[in-house]
Amino acid sequence: MIYFIVISALILAYSNGANDNFKGVATLFGTGTTNYRKAIIWATATTALGSLASLFLADTLIKNFSGKGLVTDSVAMAPEFAVAVALGAALTVILATNIGMPISTTHSLIGALTGSGLVAVGLDFNFQKLGATFFLPLIVSPVLAAVLCTGAYMVFRKGRETAGITKTTCACIGEARPVYTLQTNSQLTMDHPSGRLEINVNSSENCREIYAGTFIGVNAQTLLDTAHFMTAGVVSFARGLNDTPKMAGLLLLVGALNIGYDVALIAMAIAVGGWLNARKVAETMSKKITPMNDGQGFTANLITSLLVTTASFNGLPVSTTHVSVGSLFGIGAVTGSANWKVIREIGLSWVLTLPVAALAGAVIYWIIIFIRF
C-alpha cells in the first residue's frame, strides 16, 4: 500500500507539472519575449528550486494538505485516504490538461479531500476549516489579482507616457565625442574635449552618435525583458514553493519516506510533467485569454509573483492558476481585448473542478475500502 501511495502522489505531481508549470512563464511566451522551449526550461528550473525550498519554508501547507483537521486523525493517517485524495485530484487535473484548461491543482486536492473525507466520516467532516482555510483564499485571490493588475498597469502606463520612455530609450555612459565650433575666421575651436565620461538618457541611435568608440548602454526594452524574466522566475519559484508541500504532505502523512525524499520525488515528477505535457495549457494561458505586449505581460507577472509569494510564506493555499488568470483578466479588461469566450470556459472548468475531484476521490476511496474489506 505504501508503494501505491508513492505512485499515486507521483501521478498527481506529474499532472500538476503538466497543467501548472507553464503558468509562471506564460506571459514571456505570449508577448514573444522568448520562445516556448526557452520559456519551459526557465519554468522547469525555477519551479524545481521552489520545490526544494519548500522543504524549509512550507510546514504549514504540508500540515494543511495532509487532511488533518478535516477528518479524524485515524482516517487521515490511513493509506487508503491518501491514495484516494492523490488519485482523485490527479484524474481531475489530467482531464483538464488534455483539453487545455488551466485548472487549479490546489482546488482539485481540496475537492478530493472533501469527497474522500465525506465518504470516510460523513457529517463529522470539518466544513468550518474547509471554508476558512481553503475556500476563502481561493475565492479572494483571483479577484484581488485582477484589481491589483488593472491598477498597476494603469499607473505604469501613465508613468511611462509622462516620462516619454519608449522601447528605444537608452541610459548610456561613455566617452563623449569632441565638440567643435566653426569661428568667423574659418578656424575650428574645440568646445568640449574628448575623454570626458558622460551619462545620457536618449535613444540608442542618438547615443551612438554622441559617444566616441564604445559605450555602455542599457535600453528600456532590455531592462523590461530582464525584469519580465525575473518576475516569471519568481512566479514559478513561488508555485513550486506553494504546490510541492500539498503533495508531499500525502507521503509524509503515511510515513512513506522522510520529508527530504518526499519533496525531491515530488519535485522531479512536477518537472517531468511540465517538460513533457504542458503545451496545450501553455497555448491557452499565453495566447487565448488576451493578447498582450511586453509591458502588460510584465505587469501581470509582477502582480502574480507578489501575491503567490506572499501567500506561500504565510501558508495560504492560493492557486497560482487563479492568481495568474486573474492578472491576465485584469490586463484584458483594462485594454478591452479580453477573450470572454475563453474566460467563460476557464471559469466553468473552475466551477466543475471541485465536484469532479470530490466525486473522483469519493469513488476511489469507496472502491479501495470495498476491495480491502
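Visitor: In which helix is S324 found?

Guide: S324 is found in helix α14, which covers residues 320-335; helices here are DSSP runs of H or I with at least four residues, strands are runs of E with at least two, and both are numbered from the N terminus. The model is a predicted one, in which local features need pLDDT of at least 70 and side-chain atom pairs count only at pLDDT 80 or more, while totals for chains, interfaces and linings use all residues. Residues are numbered from 1 along each chain as its sequence is written, and side-chain values use heavy atoms, with hydrogens and water left out.

With a relative accessible area of 4%, S324 is buried (buried means under 20% relative accessible area, exposed over 50%, and partly exposed in between, with a 1.4 Å probe and protein chains only). Leaving aside residues up to four places away in sequence, S324 touches K23, M285 and T304, where contact means heavy atoms within 4.5 Å. K23 and S324 are 301 residues apart along the chain, yet their C-alpha atoms are separated by 7.0 Å.

K23 leads on to the charged side chains. K23 is itself buried, at 2% relative accessibility, and its side chain meets that of D20 in a salt bridge of 2.5 Å, N to O (a side-chain nitrogen of Lys or Arg within 4 Å of a carboxyl oxygen of Asp or Glu). D20 is likewise buried, with a relative accessible area of 2%. D20 also forms a salt bridge with R239, and here the closest N and O atoms are 3.7 Å apart. Because D20 lies in helix α1 and R239 in helix α10 (residues 220-253), this pair ties together parts that are 219 residues apart in sequence. R239 counts as buried too, at 1% relative accessibility.

E345 and K341 form one with their closest N and O atoms 2.8 Å apart, and both lie in helix α15 (residues 340-372), four residues apart, about one turn of the helix. E345 counts as partly exposed at 34% relative accessibility, whereas K341 is exposed, with a relative accessible area of 52%. Elsewhere, salt bridges that share partners join D20, K23, R239 and D243 into one network. The whole structure holds five salt bridges.

Helix α1, the helix of D20, also packs against another helix. The axes of α1 (residues 2-20) and α11 (residues 259-277) come within 6 Å and cross at roughly 45°; axes are lines fitted to C-alpha atoms, for helices over the stretch in contact, and angles run from 0 to 180 degrees between N-to-C directions. The two helices are therefore oblique to each other, as angles under 35 degrees count as roughly parallel, over 145 as roughly antiparallel, 65 to 115 as roughly perpendicular and the rest as oblique. Residues making the contact include V6, A9 and L10 of α1 and L265, I266 and A269 of α11.

T97 counts as buried at 4% relative accessibility. Apart from residues up to four places away in sequence, T97 touches S15, A18, N19, N277, K280 and V281.
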